[in-house]
Amino acid sequence: MKFYPTGKQAQAIDKYTQEKLGISGLVLMESAARKLAEAVDDAIKNASEYGKKNRFYKKLIGFDKAKDKILSVVESGNNGGDAVAAAWMLKEMGYDTYIYEINGISRKTDSYVAEVRKAREYGVTFLDIKNDYNLENAGEIFDFSSYKVILDGIFGVGLTRDITGVQKAEAGKINDASRVSFVVGVDIPSGISADTGKVLGTAVQCDMTVTFEYVKYGMLLGMGRKHSGDIRCASIGLYVPENVSQMASIMREEKVGMLTDPSDTDAVKRDTHSVYICYEYDEDEILEKLPERKEDSNKGTYGKVLIIAGSREVYGAVYLAAEAAYRVGAGLVKVVTDIRNRDTLCEKIPEAMLLTYDSEEKGTLIKRKDSHDTFVDEYKKAISWADVVLIGPGLGTGDISRKMLNLLSMTLTEKQKLILDADALNLIAQEKPSVWFKELTSKLGMGNVIITPHMMEMLRLVNADSISQGDMDFLKDFRKPQAYNMSYHNGIITVMKDARTIVAYKNTSDDTPEMEGYAAECPLYVNTTGNSGMSKGGSGDVLAGMIAGLLAQNREECSVADIVCAAVHLHGKTGDIAAEKIGERSMIARDIIDAIPVLLK
């Protein structure tokens with residue numbers, strides 16, 4: 001299990017490691033510096049190989065120890081101490097290293113002072129710009145581009161204010177030099193919020209960031225992701241909990257505050273997301289969650305999926321969802337769609353069963369010409385037949401779609417699983433989403449209702465009135481509390497799709513500790529698989545189908561939330577396989593489906 005802490009959480013883990021495990025700050029600093037120095041050495045030695053996939057490594061090709069120099073640009077905190085220690089360690093490896101102290105902060109940490117002393121003993125050159133160059137304005141005109149590698153040790157994960165003044169100027173000079181110099185972030189790029197990924201005034205653009213023990217949450221999002229470059233996570237001896245509960249326990253012990261009410265936006269801003277435990281399963285854990293295939297089995301063993309999707313205008317979405325459900329292993333798939341999709345589906349996916357209606361025939365949900373039963377009768381039978389129901393992809397938001405959604409909600413029974421996607425969510429957003437979700441949860445049970453909104457659909461659900469760009473910016477900045485709030489108060493699982501998809505759910509464990517009446521654990525699964533090639537129409541339909549297909553096979557071996565997280569992970573991995581084969585620019589949703597058998601095999 002991998003955790004993605006915020007700034008406060010990372011500081012709490014560091015403090016816990018020192019005080020409870022007895023590992024000194026200086027030992028941790030030198031461990032971090034050693035990993036940093038080794039990463040720089042590795043990047044230089046293997047620049048040609050790494051440059052085939054990441055063009056920024058090409059800056060290091062031809063690095064000559066006899067001529068090329070390495071510069072650490074630092075402030076006097078622990079982040080600067082890491083870069084100073086790395087400088088003397090690289091000096092020990094035979095590199096020509098330099099340190100430039102900005103000295104924009106009066107206080108120097110003890111560990112930083114100790115590393116400066118060692119660096120001087122090892123013969124690292126400290127740059128005194130004004131004295132060495134005898135220029136009053138040398139600090140303004142000094143050019144960092146004469147250094148082949150620059151270590152950014154200005155600010156770390158504790159930064160919460162905008163960078164200004166001399167630090168802003170020096171960060172700008174590093175960015176200017178990055179055209180030719182290889183810039184390495186120390187733990188996190190200076191100026192990136194570890195909580196949100198936003199730029200705090202200005203931020204250093206890194207080609208590679210060496211982060212310690214944990215990738216910080218802000219490095220996964222937006223500008224944080226862009227500024228981090230190639231992320232390398234190095235183990236330095238910090239405490240790593242085994243599960244979410246252990247991480248939450250440390251946060252309570254280190255007094256990292258609980259958020260009183262996730263819907264209170266002022267409280268959200270004060271708390272800076274410290275309450276949410278962001279994690280991701282590793283490959284072995286995902287493998288353990290895949291439903292078992294048994295020798296003594298039949299098609300009924302692997303579940304029945306009902307997909308209510310497509311319309312007379314849209315037929316691709318229902319096909320993509322249905323095939324994805326089959327490809328991940330579902331035993332039976334039945335599709336309810338407009339009759340105009342029949343021929344296409346019979347050709348594209350003959351394995352699926354079909355129940356059709358005519359959206360242009362008056363009273364189509366009341367009678368059918370080719371059956372003694374009405375469509376409503378057959379529709380109800382199909383709903384009762386299914387283990388998992390998916391509704392929404394390409395469904396449309398017209399009167400017939402609304403009637404089908406209403407009839408579905410009345411017919412579903414306990415223990416069935418329901419996935420609400422796309423137009424089903426748009427229909428619900430037109431009414432009172434919380435009323436819908438709570439009624440469905442009371443009928444199906446806690447955690448058996450899954451919603452899969454992209455960011456605009458999520459915004460409609462949380463703000464059904466007029467929507468502005470400011471609303472979207474707020475949602476992006478505070479996506480964690482919004483996703484968790486949606487799940488916690490409605491008893492549902494929220495899959496909020498974006499470049500980094502978040503899965504939020506209410507922890508229903510009986511032994512979950514509480515604090516002042518609020519949940520002490522706020523788990524959020526953050527998915528890091530996938531790529532920009534998946535930013536194409538149809539990718540979400542494939543994900544919805546994969547969730548449905550995996551849930552249909554699950555026989556309570558895993559929680560619904562874990563199966564959903566596994567589906568999100570696999571969806572991204574299949575996208576990565578497709579990108580490797582075809583390229584991110586040209587891949588389409590069908591390529592993701594084609595990669596499912598490759599991955600699962």
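Biologist: On what basis are the values computed, and how are residues numbered?

Modeller: This is a predicted model, in which local features need pLDDT of at least 70 and side-chain atom pairs count only at pLDDT 80 or more, whereas totals for chains, interfaces and linings use all residues. Side-chain values use heavy atoms, with hydrogens and water left out, and residues are numbered from 1 along each chain as its sequence is written.

Biologist: How many aromatic pairs does a search of the whole structure find?

Modeller: Rings of Phe, Tyr and Trp (its six-membered ring) pair if their centres lie within 6.5 Å; planes under 30 degrees apart count as stacked, over 60 as edge-to-face and the rest as tilted. Ring pairs link Y50, Y57 and F182 into a cluster. Over the whole structure, the search gives 15 aromatic pairs.

Biologist: Of which kind is the pair formed by Y279 and Y525?

Modeller: A pair of aromatic rings is described by the distance of the centres and the angle of the planes. For Y279 and Y525 the centres are 5.4 Å apart and the planes stand at 80°, so the pair is edge-to-face.

Biologist: Which lysine lies over the face of Y217?

Modeller: A charge sits over a ring if NZ of Lys or CZ of Arg is within 6 Å of the ring centre and within 35 degrees of the ring normal. K65 lies over the face of Y95, at 4.4 Å from the ring centre. Over the face of Y217, at 4.0 Å from the ring centre, lies K480.

Biologist: How many disulfides does the structure hold?

Modeller: A disulfide is a covalent bond between the sulfur atoms of two cysteines. Here the sulfur atoms of the pair must be within 2.5 Å. C278 counts as buried at 2% relative accessibility, and C565 is buried at 0%. The number of disulfides in the structure is zero.

Biologist: Which residues line the second largest cavity?

Modeller: On a 1 Å grid over the protein atoms alone, a cavity is a set of points where a 1.4 Å probe fits but cannot get out, and a pocket is an open set with protein on both sides within 12 Å along at least five of seven lines; lining residues have an atom within 4 Å of a point. There are three cavities of 30 Å³ or more, and the second largest cavity holds about 40 Å³ of space. Its lining consists of K417, L551, N554, E556, C558 and V560.

Biologist: Which element gives the most to the lining of the largest pocket?

Modeller: The largest pocket has a volume of about 1000 Å³, a volume being the space filled by probe spheres set on grid points joined across faces, edges and corners. It is lined by 34 residues, of which L220, R225, R500, T528 and G530 lie nearest its centre. Elements giving two or more residues to this lining include β8 (230-234) and α23 (560-582). The most, five residues, comes from α9.

Biologist: Which residues of the second largest pocket are the closest to its centre?

Modeller: The second largest pocket has about 820 Å³ of space. At least two residues of its lining come from each of α1 (7-21), α2 (25-45) and α4 (78-92). Of the 32 lining residues, the closest to the centre are Q11, N78, N79, G156 and V157.

Biologist: Is G222 buried or exposed?

Modeller: G222 lies in helix α9. Its C-alpha atom is separated by 9.3 Å from that of V199, 23 residues apart along the chain. With a relative accessible area of 55%, G222 is exposed.

Biologist: What is the phi of A422?

Modeller: A422 is placed in the loop between β14 (417-420) and α17 (423-429). A422 is buried, with a relative accessible area of 14%. Although A422 is a residue other than glycine, its phi is positive, near 50°.

Note on methods:
Buried means under 20% relative accessible area, exposed over 50%, partly exposed in between (1.4 Å probe, protein chains only). Helices (H or I, at least four residues) and strands (E, at least two) are DSSP runs, numbered from the N terminus.
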